[in-house]
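Please walk me through this model, from its sheet to its helix packing and its chain contacts. Keep it brisk.

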Amino acid sequence: MTAATVPHLAARTGPDAVALAGQVARAVAAPAASHVDRNSRFPSEAIAALREARLMSALVPVRYGGLGCSIVQVAEICDVLGQHCTNTAMVYAMHQIQVAVLARHAGSSPFFERLMRDLVERQLLLASATSEVEVGGDVRRSICAVERRGDDVQLRKQAPVISYGEHADAILVTARRHPDAAASDQVLVVAPTDASRTTLTRTSGWDALGLRGTCSSGYVLETRVPASHILADAYDDISAHTMLPVSHVLWSSLWLGLATDAVSRARAFVRDAAKRKPGTMPPGAVRLAEAVGVLQTMRAAVTHAANAFDAIYEDRDALSSMGFALRMNGLKVQSATLAVQIVSQALSICGIAGYKTDTKYSVERHLRDAYSAGIQINNDRVLGASATMLLVHREDA
Amino acid sequence: MLSERIRAIVGEHGRLAVAVSELNDDASLYQAGLTSHASVNLMLAIEEAFGIEFPERLLRRRTFESISSIAAAVRELTPLGFAA
């Protein structure tokens with residue numbers, strides 16, 4: 001089945017997919033955003049709507065029936081979702097990162113061919129288990145290892161975080177290649193979450209400052225799957241070529257959406273103040289002009305990086321260069337920092353109306369969510385990696 | 001011999017999970033436990049030892065995949081006869 005034989009799918013690629021995501025964001029994600037946040041619950045209605053719109057397979061190539069969207073288009077989807085519900089946007093982004101990984105690194109075995117079609121036909125939701133107790137956020141090292149059991153492999157991982165793990169259809173898990181492998185010699189394993197294959201034992205909850213709807217609890221994950229569930233490529237390539245750049249571009253895009261909505265609220269506040277006292281410039285107006293300028297800078301950085309990534313998306317050699325890794329790391333740190341800065345500016349413009357949770361100018365959820373940007377994958381860890389590369393990298397940034 | 005000099009530097013700076021003597025010249029250093037951080041220290045040590053500077057086009061994972069790939073890069077950057 002290709003898009004050519006399914007006209008309604010072909011018609012939904014490109015800007016149409018982004019427009020469709022906008023409709024879902026406004027009609028379904030936005031009305032539920034506050035309830036999702038307050039109750040720290042999964043944004044189930046928005047994800048169901050994205051499934052119905054067949055947007056979960058946006059990054060699945062057309063030859064499998066997917067939309068075959070570019071990274072730029074999916075980044076725009078994350079932006080528009082982020083403008084209405086950061087939790088929905090983050091779940092969607094994390095899922096698309098896994099889809100991008102499968103589309104590029106899984107190989108062409110019957111199992112993975114089937115999985116790609118299931119991503120389209122069943123609109124599967126994929127989660128990720130990369131961090132591990134003891135190694136923490138250093139996702140390029142694993143303690144757990146894949147062990148052979150006949151034609152199967154099994155592994156047991158103590159994961160401090162598996163976002164929306166209990167809502168996913170499958171989890172992509174990093175582990176050492178075999179019990180004697182070095183910590184950095186990792187593979188990626190697809191663990192379907194049905195109870196016959198995988199058990200998740202919750203070890204910690206998720207009652208956090210922000211991004212409360214991502215349900216990022218900790219688990220012991222135990223799975224036994226056929227050896228065919230191991231992705232063909234080694235994790236170091238998966239990480240450098242796809243996982244890191246797609247993550248940084250999509251996350252930056254949803255933070256951009258978050259910042260954009262905060263500025264919209266500040267703009268509405270200033271405009272309403274101006275209407276109440278015609279002829280008088282409201283006190284926050286100058287601050288608004290300043291915030292809009294920072295937002296423009298952020299938007300330029302994010303869209304430029306997304307386009308640059310798209311331009312070399314198929315060039316594995318360019319993707320593995322230090323210059324590219326430095327650029328993506330820079331994007332991540334800058335957009336995480338700017339998101340907090342812009343939302344803080346919006347808060348000072350809206351004042352007490354922004355500080356309160358129950359006004360239309362409220363940006364308190366925005367601020368709490370924005371702080372996750374520099375924490376989940378800590379900016380200092382990313383800067384540390386860049387600092388190491390800059391010891392040998394000589395080209396001007 | 002070039003690969004022996006590189007082998008010694010890899011042993012000193014690579015922080016591998018196995019002894020460098022157990023690896024042949026084409027074995028993957030990444031599978032042997034070479035991390036991104038250690039690979040940068042390895043690059044610096046090789047630049048220092050051979051008096052070379054890796055240009056941007058060689059600053060990628062493939063260059064440091066194995067002892068033989070490092071040797072190929074060093075040969076490319078070294079005046080004829082010096083490192084052979």
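This is a predicted model: local features need pLDDT of at least 70, side-chain atom pairs count only at pLDDT 80 or more; totals for chains, interfaces and linings use all residues.

Residues are numbered from 1 along each chain as its sequence is written, while chains are lettered from A and ligands numbered from 1 in the order in which they are written.

Start with the sheet. In chain A, three strands form an open sheet in the order S1-S4-S5, with mixed pairing. Strands here are DSSP runs of E with at least two residues, helices are runs of H or I with at least four, and both are numbered from the N terminus. Two strands pair if DSSP finds at least two bridges between them. Strand S1 (126–129) and strand S5 (186–192) of chain A are the edge strands, each pairing on one side only. From one strand to the next, the twist averages 25 degrees.

Now the pairings. S1(A) and S4(A) run in the parallel sense, joined over four bridges. There, Ala129(A) stands opposite Val173(A) of S4(A). Strand S4 (residues 170–176) of chain A pairs with S5(A) in the antiparallel sense over seven bridges. Leu172(A) has Val190(A) in S5(A) as its bridge partner.

In a regular strand, side chains alternate between the two faces of the sheet. Both faces of S1(A) are covered. Leu126(A) and Ser128(A) are buried on one side, Ala127(A) and Ala129(A) on the other. Buried means 20 or more other C-beta atoms within 10 Å of the residue's own, exposed means 12 or fewer, and partly exposed lies in between; C-beta atoms are placed from the backbone.

Asp180(A) sits in the loop between S4 and S5 of chain A. Asp180(A) counts as exposed because it has 10 C-beta neighbours inside 10 Å. Its C-alpha atom is separated by 19 Å from that of Gln158(A), 22 residues apart along the chain.

Next, the helices. Helix H5 (residues 86–105) of chain A lies across S1 and S4 of chain A, at about 85 degrees to S1(A). Axes are lines fitted to C-alpha atoms, for helices over the stretch in contact, and angles run from 0 to 180 degrees between N-to-C directions. The axes of H5(A) and helix H7 (residues 235–276) of chain A come within 9 Å and cross at roughly 160 degrees. That makes H5(A) roughly antiparallel to H7(A), a term for angles over 145 degrees. The contact (C-beta atoms, placed from the backbone, within 7 Å) includes Ala93(A) and Ile97(A) of H5(A) and Leu250(A) and Trp251(A) of H7(A). Its residues divide into 13 nonpolar, seven polar and one charged. Ala, Val, Leu, Ile, Met, Phe, Trp, Tyr, Cys and Pro count as nonpolar, Asp, Glu, Lys and Arg as charged, and the others, Gly among them, as polar.

Helix H4 (residues 71–82) and helix H8 (residues 285–311) of chain A have axes within 8 Å, crossing at roughly 150 degrees. H4(A) and H8(A) are therefore roughly antiparallel too.

Finally, chain B. Its helix H1 (residues 2–13) and helix H3 (residues 67–77) pack at about 115 degrees, with axes 9 Å apart. Between chains, 17 residues of chain B are in contact with 20 residues of chain A. The chain B side has eight nonpolar, five polar and four charged residues.

How values were computed:
Two residues are in contact if their C-beta atoms, placed from the backbone, lie within 7 Å. Angles under 35 degrees count as roughly parallel, over 145 as roughly antiparallel, 65 to 115 as roughly perpendicular and the rest as oblique.
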